Every structure is written in structure tokens, then in C-alpha cells.
Amino acid sequence: MALSYDATHQFVPVTLKRSRIDGFGVFADQAIAAGTALGLLTGESITVAEARRRAQTGQRLMLVELSSARAIDASRSDDAMRFTNHSCLPNARIQVEDGEISFHAVRDIPRGEEITVDYGQTHHEGRLPCRCGASGCRGAL
Ligand SMILES: [Zn+2]
């Protein structure tokens with residue numbers, strides 16, 4: 001099954017498909033140079049307190065904290081990048097600036113490779129096993 005996404009927030013073409021890491025993943029449709037802006041992630045603007053409350057529900061969520069006060073819940077976003085999986089050795093990073101969440105390649109990404117970021121600290125608090133497969137994998141999220 002291929003999913004569609006909001007192309008106006010996506011700067012490089014990607015395919016959303018099953019990932020060996022987890023669920024659906026974001027795969028590069030063309031070779032991407034290091035430093036390239038990949039796309040934006042938008043969603044529901046909520047307080048960090050509300051984000052923490054939602055995280056306690058145990059649902060699969062895509063939450064990004066913008067500041068100590070505000071967060072974005074992108075769980076129901078139409079943006080492709082919400083499907084970005086975690087890797088302990090990622091090829092992209094998340095940038096938060098002026099309330100905007102964007103994704104950027106940190107190295108050259110060949111066509112067909114899954115785009116990944118390091119989630120850093122998550123609401124799973126190390127209880128979720130990591131299946132990224134990278135050498136040096138931390139083993140948990
Ligand atoms: Zn890992």
C-alpha cells in the first residue's frame with residue numbers, strides 16, 4: 001500500500017511504504033545531497049503539558065516539542081515526514097526554528113534509502129526496543 005501526502009510541505013519526492021524498522025517509513029525517490037531541506041512537519045499546536053498527557057495514553061504518536069511551553073502533535077498530519085523512523089545512525093535531522101519543524105539531510109542519501117532521524121529523548125523513556133539495525137544501536141528508545 002502506498003500512502004499519499006501533502007506535497008506542498010515536501011521538498012524532495014519520497015515514497016511512503018513498509019519499513020523494516022517500524023510500520024511505515026519515508027524513502028527517498030531520488031538521490032539527495034547532504035544539507036538538503038527535505039520537508040516540513042506540521043500538526044496540531046498544543047502545550048507541552050498536553051503533549052505529556054497524550055504521551056501517557058500509550059498510543060503511537062509523533063510529538064515534537066517546539067519550546068519548554070509548546071509542542072506539535074503531528075500524529076494526524078498529512079505531511080510525509082511524520083512517518084520518519086528513528087535510527088541511532090540517522091541520515092537526517094529535525095530542525096526546530098521559529099515554531100517551524102523541518103527535516104534536513106545530514107549526509108548524501110542514495111535513491112531508495114529510508115530517511116531516518118535520531119528522535120533523541122522520547123516519551124517511551126527507553127522502554128521501546130530499537131530495531132534500527134545500525135552498528136552502535138543504543139538498543140532502546
Ligand atoms: Zn537503534
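The model is predicted, so to speak of local features requires a pLDDT of at least 70 and side-chain atom pairs count only at pLDDT 80 or more, while totals for chains, interfaces and linings use all residues. Residues are numbered from 1 along each chain as its sequence is written, and side-chain values use heavy atoms, with hydrogens and water left out.

**The two domains.** Select residues 1-40 together with 77-119 for domain 1, then 43-74 for domain 2; these bounds come from an automatic or database domain assignment. The centres of the two domains, taken over C-alpha atoms, are 20 Å apart. Nine residues of domain 1 and seven residues of domain 2 take part in the contact (heavy atoms within 4.5 Å).

**The interface.** Domain 1 and domain 2 bury about 680 Å² between them, and carbon and sulfur atoms give 68% of that area. Buried area is the accessible area (1.4 Å probe) that two parts lose on being put together, summed over both. Next, select Arg82, Val96 and Ile101, which supply 48% of the area that domain 1 buries against domain 2, more than any other three residues.

**A salt bridge.** Display the side chains of Arg60 and Asp22, which form a salt bridge at 2.5 Å, N to O. The term denotes a side-chain nitrogen of Lys or Arg within 4 Å of a carboxyl oxygen of Asp or Glu. One salt bridge is found across the interface of domain 1 and domain 2.

**Two cysteines.** Finally, select Cys130, buried at 14% relative accessibility, and Cys132, buried at 3%. Buried means under 20% relative accessible area, exposed over 50%, and partly exposed in between (1.4 Å probe, protein chains only).
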